Structure formats: C-alpha cells, structure tokens
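Here is a short report on how two protein chains pack together. Look at the sequence and the structure first, then read on.

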Amino acid sequence: MGRYVARRLLQMLPVIIGTTFLVFALVTAMGGDPVQNLYGERPVPEGIRAALTAQYHLDDPLPIRYGYYLAGLVQGDFGTSLSGSRPISEMIADAWPETLRIAGIAFAFEMVIGVAAGVMAGMRRGKFLDNLVLLSTLTVIAIPIFVLGQVSQIFLGVKAGIFPVSGTNEGFYSYLLPGLVLGSVSLAYIARLARASVAENLRMDYVRTAKAKGLSPSRITGIHVLRNSLIPVVTYLGADLGSLMGGAIVTERIFNIPGVGYNLFKAIQIEDGPALVGFVTLLVVVYVVMALVVDLLYAVLDPRIRYA
Amino acid sequence: MRDATKTSVAPGSADEATAEPAAPAAPVRDAAKPRSLLQDAVRDLVRKPLFLVSSGIILVLVVMAAFPTLFASADPQLCELGRSLQKPSADAWFGYDARGCDVYARTIHGARTSITVGVLATLGSAVIALLLGLISGFYGRWIDAVISRGIDIVMGIPFLVGAIVILNSFRDEDGFRIGGIWGVLTALTVLGWMSMARIMRSTAMQTKQSDYVTAARSLGASTGRLMFRHVLPNALTPLIVLATISLGVIISAEATLSFLGVGIQEPTISWGVMINQSLGRIRESLHPLLFPAGFVSITVLAFIMLGDAVRDALDPKLR
C-alpha cells in the first residue's frame, strides 16, 4: 500500500510538469504583448517595460522561463501576477475558499440527491419513478449549463427574489443557487450511473443467494447491493470533486463569485500568464490527487482489489 | 460482407464454395453461418423506438443543416429594429429577437454551423483517439507508457481554460479575434479526444489477447494487418458509442464558448451565438432564448439516446 502510493505520487510528477508546461507554452504562444495589455491603449514607459521584462524573464526562450517558474514553484513561490503585481499564492488564498464553498454545496447536492434518486430508480426499474428520473436527468444533461444558470438566476433570483442574484454578500445563502446549478449536471450523471449499477447488481447471483438465505429485503439492498453498486459512483464522485474544486468558469461568471474559475477567466482575458499558470497548477495538483484518492477508495469498497 | 450475405441464397453457390475453398469471403461461408453480430444489432436497432426517434430527429437536423432554405424562406440576416422582440406569430413562428431578426430562420440556419462543428470535431477527435489508443493498446510497453502519460497531461488541462487559450490565439493581422468556426473546431478537437483514446486503448488491449489474434499472428499476418483487420474492428464499439454521445456534448460546448465570448461570432449564425445574444434581454422576453436553447437540448438528447441505443444493440452482454 505504502509503496503503491509512493509509486503513484512519482507518476504524478511528469503529469503535473507536462500539463503546466503545456499551459505555459500555450499562454506564450497566444502572443500579444502582456506588458502593453496592462496599459490598455496608453504607451508603456520604457523603464517600466524594461523592469517588467527583466522581472518576468519575458525575453528568455520558453524552456528557460518555464525553468525559472518551476524553480520558484518548488520553493513554494507561485510568482506574482502581471496585473497588480500581487503574489499569486495570495490570489489563490482569496479565490479558493470561494470556489470550495460552491463546490461543497454542489457536491453535497449531487451526492445526496443523485445517489438517492439513482438507487430508488434502479430498484423500481421500468416503473413511474424510474422513468421520471431518467427523463429529468436527460433534460438536465441536455440543457447547456449557462442557460440553466442564467435562467435560474433571472427567475429564482431577480423575478421571484428567492435567492440572492449575484455576488457573495449574503454569506452561505449567496452560494446556494450557484452550488445547485453547478451540481445539477453531475447530479444527473450520478443518478443515471447509480441506477444502472443498482439494476445490474440486483440481477446478480449473490442477491438470489441472499434472498434464498432469508435475509430481509432492506439488508439485501442496503448492505449487499448498495455497497457493490456504489463503486462506479464513487469513482465518478471523486473525479467530479477534483474538477469541482478546480472552479467553474461559467457558473462563477454568471453569479459573480470571485473564485478560481473567475480568476482563470480574467487571467486569460488580460493575458496574465503567471496568474493563469499558477491557478492551472493548483487545478492540476488537486485533480491528480483526487484521482489517487479515488483509486485508494476502490480498495476500501471492494476488498478484491488490492494494491501491492 | 453484407452484400455477400444477400447474394448467398443464389442457387449453385455451394458449387462455388467447393471450387474455390480458399477464398476467405466466399458467399457460401456466410450462408452456413448464423447472422453476424452486426446484423443482429441492426435488426435489434430498427425495432427500438429509442433508436427510431433519435435517428429520426438527427436525420431532420442533418437535412436542416444541409438545406436550410427548405425549412425557412425568411432571410436570417434581415433584421429590422421595428419588430424587436415581437412574440411568435404566423409570420415568424419563433418570433423576433432583440434586433428584430427572425428567430425561426436563424435557428434553422444556425443548425448548419452547430452540426458541422459537432460532427467535424467529433470525427477529428475520434480519429486521433483511434490511432493513439490503438497504437498504445496494441504495442504496450514504453509506447503505451508515453501515450498514456500524454493523455493524462492533456486531460489535466481544464477543458474551458484550454479552449479559451487556444481560441485566443486565433487572430487576424490586426489582432482581432477571428469568430469563424475554425478556431472552435480546433479547440474542441484538440481537447476532446482523451477519454475516447483511453477507451480505445483498453479495448485494444483486451482484444489483442484474443485467440483469433494469436492465430492470425501465428499464420504470419503483418503487424498492420493484425492491428487494422483483426484488433480494430473488434475493439471499435465502445469508441463509436462514446463518440455518438460526445457529439451532443460538443454542440453544447460550442454554445458555451460563444457564451464566454470566445466562440463563434456574428455574422456566422450558430445556436450558441443566438443563445448568447438573447441572454442580455431575457428579463423582457424569453422566446429568443428558448428556441435555440431548445434545439441545442433536443440535439444533445438525440445523440445521447442514439448512443444508448447503439450500445444496447452492440453489447452482447446485455442480450
């Protein structure tokens, strides 16, 4: 187990380096003049241009610039953003809690409702509830998330006044609607996954055996079927948590939540390379670590899987 | 192969078989055999309402994309501010949007862009996925390790971040963003192949170990023949299913990119562009949003249902 984790952690390194390098290269290839972007249409004073160019190694070739970045990163230094010259670690410290709040709400929502709906539908396959779940999840999957977000913002926020329209001034309550919107699509996938998995497991031999042994139906579904059918669901949930914690560009933009996704989008727009790469690094690390956690959870849920 | 089966009932075919027993695709061999898996699947499919409905919808959408003027006679680019936000009527079935353009005509004409982007991006990423997945699954060892890490790396890039960065680099000489379909197509293709490649890799790995592949190898079949004639046809199903489903997702992604202001732009009409334009005025009227969004949803739905139906038909385990 320990060796497995160590090996996986080692395998993560090339992925993290590769992804950040790719983003680094893409941002560089985007061209444009990041220093000029800071000044809009005004001319940039020569001295400031020279200072910024030297500070961010803008004249060096790509691999060397990336080397500088990596060297800083290893020492825990994410660098400073081009715009406003804030330390990127500080920007992350501001933005990430915001993202985590919506992500938490979205995750709780999709886990509780999604699994419950999926399990109930799977147990009553072909009945009314099953069809209802299938139909409603398909509808949610088919609607683009920004339409869902905008429409619910207008109707539940502006017109009905049930939820705060945007921003984060009202504490927990202001994160509720963005969280629900963000979680809705994954909820649909989770419900469908859980449904298929439960329906498949109900046909297994071990269920018949359990019935023959005279176990109560609640024990059969609650212990035997549920535990076996949750494995794919847990995989999905884990991967989804990884991407949820990485911020949601669309949802955060609609509801004006200054989280990771909001900052990412802003960084791309003003071509703030250092900030963009910093946030992406965070994203990639979170994503890769979550994938490892999921793999380890497998072994907990399914004793047949062992990691040597 | 299917044509061969059709002719197999022809009288005298048994003589042909004895005359040239070595011909691998001699008609009679098929006559003796029960229906192939593919034929079974097709027979299954045409009886399924799910398949009939979804493929019917897709057919209509494709015709719409190919010949928009069959469906709408109004000019989608003709906008008169005087009829801004008028409700649906007999003249304009879907009403007019904020700039007074005919929403029905624009929705019909938008189908071409949205469906072209969806189909081409899916085809492109499916080809990348097929080649990389097949090579990686077939050869294994260090080639597999390199390709798999490559997949991991590209997968690590958040989809929207990658797409926005790529799209930002599509600029004309004056530095303005080009709002045509090429940028969107590139972004969606480059960032859309990874999960398909993973599926292709794992099925290729499984198929490679089948007895018939070993048999072909021991008969001296070349690597290329093994890969493309023996492994590929038997490992293709999951890729096809996933590609069908992701076609819908890609059409939705195109709309999302337009929403973020980096996707397709006027004067090209796409559903994403229309949705994006209507969002600013949804407090006043909903219909300019409802129709293009509805078309996106129906298209996504149709492709998901088609994928499900094809999977059910092609997966022997579910029989």
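## A covered helix in chain B

In this predicted model, the buried residues of H8(B) are Leu160(B), Val161(B), Gly162(B), Ala163(B), Ile164(B), Val165(B), Ile166(B), Leu167(B) and Asn168(B). Helix H8 of chain B spans residues 159-168. Nine of its 10 residues are buried, so the helix counts as mostly covered.

What covers the buried residues of H8(B)? Both chains take part. From chain A, the cover includes helices H1 (2-29), H11 (249-254), H12 (260-269) and H13 (273-301). From chain B, it includes helices H9 (181-190) and H13 (237-259).

Thr256(B) sits in helix H13 of chain B. Is Thr256(B) buried or exposed? Its relative accessible area is 8%. Buried means under 20%, so Thr256(B) is buried.

The side chain of Thr256(B) reaches the backbone oxygen of Ser252(B) at 3.0 Å. Set aside neighbours within four places in sequence, and Thr256(B) is in contact with Phe146(A), Val250(A) and Leu160(B). Leu160(B) is one of the buried residues of H8(B).

## The nonpolar cores

The largest nonpolar core has 155 residues. Phe146(A), Leu276(A), Leu260(B) and Ile275(B) touch the most other members. Helix H15 of chain B (residues 287-314) gives this core its largest share, 14 residues.

Take Ile275(B) as an example. Neighbours within four places in sequence aside, it is in contact with Phe146(A) and Val147(A) from chain A. From chain B, its contacts are Ala255(B), Leu289(B), Pro292(B), Ala293(B) and Val296(B). A second, separate core has six residues, among them Tyr39(A), Val44(A), Leu52(A) and Leu82(A).

## Where the chains meet

How many residues of chain B are in contact with chain A? The count is 34, and they are in contact with 37 residues of chain A. The area buried between the two chains is about 3100 Å². Carbon and sulfur atoms give 80% of that area. Val165(B), Phe259(B) and Arg283(B) supply 18% of the area that chain B buries against chain A, more than any other three residues.

Polar links are also present. Two residue pairs are in polar contact between chain B and chain A. One salt bridge is found across the interface. The side chains of Arg192(A) and Asp308(B) meet in a salt bridge, with N to O at 3.5 Å.

H15(B) gives the most to the side of chain B that touches chain A, with nine residues. By class, that side has 23 nonpolar, six polar and five charged residues.

Definitions and conventions
Residues numbered from 1 in each chain as written. Chains lettered and ligands numbered in written order. Predicted model: local features only at pLDDT ≥ 70, side-chain atom pairs only at ≥ 80, totals over all residues. Heavy atoms only, no water. Core = buried A, V, L, I, M, F, W, Y, C linked by side-chain atoms within 4.5 Å. Buried < 20%, exposed > 50% of the residue type's maximum accessible area, 1.4 Å probe, protein only. Helix = DSSP H or I, 4+ residues; strand = E, 2+ residues; numbered from the N terminus. Contact = heavy atoms within 4.5 Å. Polar contact = N/O pair within 3.5 Å; in protein donor to acceptor, adjacent residues only side chain to side chain. Buried area = accessible area lost by both parts, 1.4 Å probe. Salt bridge = Lys/Arg side-chain N within 4 Å of Asp/Glu carboxyl O. Nonpolar A, V, L, I, M, F, W, Y, C, P; charged D, E, K, R; others polar.
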